[in-house]
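Me: I would like to go through this protein and ask what the terms used for it rest on. Please set each value against its definition.

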Amino acid sequence: MSATNAAKKACKNGHVFTPENTYTSTSRGSPMRQCRQCRRERSRTAQRRHRSAVLDAKAFARLVDAIRDGVPESDLAGRFNINHETFLIAARAAKAAA
Ligand SMILES: [Zn+2]
């Protein structure tokens, strides 16, 4: 079977290559079909990753409460999925509110 790239009906993630879902970019002089759905999902994943680094206001308030209750940072890091920088910001807020 000699399926060329142009004959493929779907991208590697199974999205169908319809005209609306396909754009063409050029790679080293030869046209390449690209899947718009994959591109959308890639950018959405990147946005999600960015957002997850920041707690929403409610979660931040719970974090500050937990710090005031004396919960150790090692527990908080797992429970709230935060990094050390976020812990320090919350610890400052806990001290300011005390
Ligand atoms: Zn795709």
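Me: Which residues does Thr-22 touch, not counting residues up to four places away in sequence?

Reply: Thr-22 touches Phe-17, Arg-33, Gln-34 and Arg-36. Touching is contact, which means heavy atoms within 4.5 Å. This is a predicted model, in which local features need pLDDT of at least 70 and side-chain atom pairs count only at pLDDT 80 or more, while totals for chains, interfaces and linings use all residues. Residues are numbered from 1 along each chain as its sequence is written, and side-chain values use heavy atoms, with hydrogens and water left out.

Me: Why is Thr-22 called buried?

Reply: Buried means under 20% relative accessible area, exposed means over 50%, and partly exposed is in between (1.4 Å probe, protein chains only). Thr-22 has a relative accessible area of 15%, so Thr-22 counts as buried. Thr-22 is found in strand S1.

Me: What makes the pair Thr-18 and Thr-22 a polar contact?

Reply: The backbone oxygen of Thr-18 lies 2.6 Å from a polar atom of the Thr-22 side chain. A polar contact is a pair of N or O atoms within 3.5 Å; within protein, one must be able to donate a hydrogen and the other to accept it, and residues adjacent in sequence count only if both atoms are side-chain atoms.

Me: Is Ser-25 buried, partly exposed or exposed, and why?

Reply: Ser-25 has a relative accessible area of 25%, so Ser-25 is partly exposed. Ser-25 sits in strand S1, residues 22-27. Its side chain makes a polar contact of 3.4 Å with the side chain of Gln-34.

Me: Why is Thr-86 called buried?

Reply: Thr-86 counts as buried because its relative accessibility is 13%. Thr-86 lies in helix H4, residues 84-97, and a polar contact of 2.8 Å joins the side chains of Thr-86 and Asn-83.

Me: What makes the helices and strands, and how many of each are there?

Reply: Helices (H or I, at least four residues) and strands (E, at least two) are DSSP runs, numbered from the N terminus. The protein has 4 helices and 2 strands. Read along the sequence, they follow the pattern β-β-α-α-α-α.

Me: What makes a set of residues a nonpolar core, and which residues form the largest one?

Reply: A nonpolar core is a set of buried Ala, Val, Leu, Ile, Met, Phe, Trp, Tyr and Cys residues joined through side-chain atoms within 4.5 Å. The largest has 12 residues, including Leu-55, Leu-63, Phe-80 and Phe-87. Helix H2 (57-68), helix H3 (73-80) and H4 each supply at least two residues of this core, and H2 gives the most, with 5 residues. In soluble globular proteins, nonpolar side chains tend to be buried together.

Me: How many residues line the largest pocket, and which lie nearest its centre?

Reply: The largest pocket is lined by 13 residues, of which Cys-11, Lys-12, Phe-17, Arg-33 and Cys-35 lie nearest its centre. Strand S2 (30-35) and helix H1 (36-52) are the elements that give two or more residues to this lining. S2 gives the most, with 4 residues. On a 1 Å grid over the protein atoms alone, a pocket is an open set of points where a 1.4 Å probe fits, with protein on both sides within 12 Å along at least five of seven lines; lining residues have an atom within 4 Å of a point.
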